[in-house]
Amino acid sequence: MTSFEELKIKPELARALKDEGIVEPTAIQYRTIPLVLAGKDLVGISETGSGKTACFGIPLLEKVQPKKGVQGLILAPTRELAIQISGELKKWSKYLNLKTAIVFGGVGIEPQIRAIAESEIVVGTPGRLLDHLNRRTLNLSKINYFVLDEADKMVEMGFIEDIERILSASPRNRQIILFGATISSEIDYLKKKYMHDVVVEETEVQVKKDLLKQYYYDVQTHEKFSLLVHLLKKEKTGRVIIFCSKRSTVELVNQNLREQGIKSEMIHGKMTQNKRMTVIERFNKGKIDYLVASAVASRGLDIKDVTHVFNYDLSQDPQEYIHRIGRTARAGESGKAITLLSSQDHDAFRAIFSRYDIGAEELPREDFPKLKFQTGMQSRNSRGFDRRRESRGSSRRGNGNSFGRRRY
Ligand code: ADP
Ligand code: MG
């Protein structure tokens with residue numbers, strides 16, 4: 001068993017980590033922390049929830065010197081993530097004399113200027129960081145550690161030029177540390193253009209097979225919503241995330257759940273950051289139990305204690321499924337992932353199990369009441385069923401099937 005002390009972490013830092021229940025490094029931490037401490041430019045790839053914040057957070061807190069200006073810069077794609085990172089750094093540095101400033105748009109700039117002036121580490125979103133650079137309220141001349149967290153997400157959100165501008169404003173000999181859940185060609189480009197003697201560490205996606213149970217239910221598209229409500233009522237759920245691949249579906253499902261008296265809220269990429277952050281906060285604080293989400297909007301966020309993940313539909317990207325189901329069965333808790341599989345999802349579902357060594361079992365067929373599903377303004381709900389008319393959920397397949405190892 002390895003502990004953080006064995007990685008030669010300062011006792012003050014190890015103690016603060018211990019206070020947070022962080023005693024044994026995760027796989028990616030074990031592999032990357034020594035490399036970052038050794039000054040390597042690094043690309044670290046591992047799944048959401050594997051503890052990437054500490055991979056750069058611990059070495060930064062270990063290395064920066066108190067009262068010597070901003071030496072570490074961390075770029076994050078969203079304000080929520082920036083807040084999350086700085087929150088962790090603050091907790092971990094409580095026995096150290098180090099300060100972290102946080103910088104993001106949509107709020108006053110003056111308090112940020114003051115915070116930057118007295119901090120050794122700055123965490124921020126690219127847009128506002130550029131703002132500070134342009135106003136010369138952030139001086140990057142002493143930056144030794146340049147971190148890009150969720151680099152793939154930042155690229156996806158169109159921040160590549162901002163990132164390059166900020167990178168160019170920092171000293172040439174700074175160490176660049178890049179983390180993400182996937183590697184894209186843009187990340188390769190950043191790697192080639194800005195980084196030196198790069199070490200790439202990638203951990204396999206770890207689905208905790210013993211704790212995370214995966215199920216699917218074969219259902220016709222027009223009965224999906226009814227089945228979802230039925231399962232939500234039947235399953236003993238705590239906190240639930242319902243993933244949909246399109247924003248319009250997120251909106252519709254959320255609206256219809258509320259129609260059914262299920263107090264859900266939603267998160268998707270077109271919402272303002274402020275709104276998204278509020279929703280995540282409410283979810284993490286247990287004020288809402290049902291979150292309807294698009295995967296992109298919830299990527300990289302630390303969403304806590306999820307008992308059930310529902311896939312209302314699937315994305316074409318097999319890795320997306322892994323990211324989604326990885327939201328549950330974390331920190332030793334068990335969890336369930338249930339996919340509502342209609343004919344158009346079959347190919348995507350099959351692709352997941354041919355790529356990953358995991359499997360899903362078919363849930364037993366059962367009757368469920370058919371509910372109305374409002375599809376918005378131009379009520380196209382001729383397919384909607386009368387709530388009182390209960391009919392049996394139709395199925396094309398029998399029972400006891402399973403996707404994954406055994407069949408594909
Ligand atoms: P990622 O960035 O890979 O998605 P995070 O850094 O957000 O993951 O970490 C996810 C959660 O796991 C956080 O709540 C964090 O405090 C916790 N955590 C991180 N490292 C450890 C560890 N070694 N032991 C226990 N919990 C950890
Ligand atoms: Mg992270």
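Predicted model: local features only at pLDDT ≥ 70, side-chain atom pairs only at ≥ 80, totals over all residues.
**Stop 1: aromatic pairs**

Residues are numbered from 1 along each chain as its sequence is written, chains are lettered from A and ligands numbered from 1 in the order in which they are written, and side-chain values use heavy atoms, leaving out hydrogens and water.

Select phenylalanine 56 and phenylalanine 179: their pair is tilted, at 5.9 Å centre to centre and 45° between the planes. Phenylalanine 56 is in helix 3 (residues 52–63) and phenylalanine 179 in strand 6 (residues 175–180), so this pair links distant parts of the chain, 123 residues apart. Helices (H or I, at least four residues) and strands (E, at least two) are DSSP runs, numbered from the N terminus. (Buried means under 20% relative accessible area, exposed over 50%, partly exposed in between, with a 1.4 Å probe and protein chains only.)

Now jump to tyrosine 217 and phenylalanine 368, an edge-to-face pair because the centres are 6.4 Å apart and the planes at 80°. Tyrosine 217 belongs to strand 8 (residues 212–218), and phenylalanine 368 sits in the loop between strand 14 (359–362) and strand 15 (402–404), 151 residues apart. Both tyrosine 217 and phenylalanine 368 are buried.

**Stop 2: a charge over a ring**

Select arginine 15 and tyrosine 95: the charged end of the arginine sits over the ring, 3.9 Å from its centre. (That takes NZ of Lys or CZ of Arg within 6 Å of the ring centre and within 35 degrees of the ring normal.)

**Stop 3: helix 11**

Colour residues 247–259, the 13 residues of helix 11. The expected span, 1.5 Å times one less than the number of residues, is 18 Å, and the end C-alpha atoms are 18 Å apart, which agrees. Buried residues in helix 11 include Thr249, Val250 and Leu252. What do the buried residues of helix 11 pack against? Their partners are helix 10 (224–234), strand 9 (239–244), strand 10 (264–267) and strand 11 (290–294).

Zoom in on asparagine 254, which lies in helix 11 and is buried at 8% relative accessibility. Not counting residues up to four places away in sequence, asparagine 254 touches Ser264, Glu265, Met266 and Val292; contact means heavy atoms within 4.5 Å. Just after helix 11, look for glycine 261, with a positive phi of about 80°.

**Stop 4: salt bridges**

The structure holds 15 salt bridges, each a side-chain nitrogen of Lys or Arg within 4 Å of a carboxyl oxygen of Asp or Glu. Pick glutamate 235 and lysine 336, whose closest N and O atoms are 2.9 Å apart. Glutamate 235 lies in the loop between helix 10 and strand 9 and lysine 336 in strand 13 (residues 335–341), so the pair ties together parts 101 residues apart in sequence. Glutamate 235 is buried at 13%, while lysine 336 is partly exposed at 25%.

Finish with arginine 350 and aspartate 347, a salt bridge at 3.3 Å, N to O. Both lie in helix 15 (residues 346–355), 3 residues apart, about one turn of the helix.

Conventions. Phe/Tyr/Trp six-rings, centres within 6.5 Å; stacked < 30°, edge-to-face > 60°.
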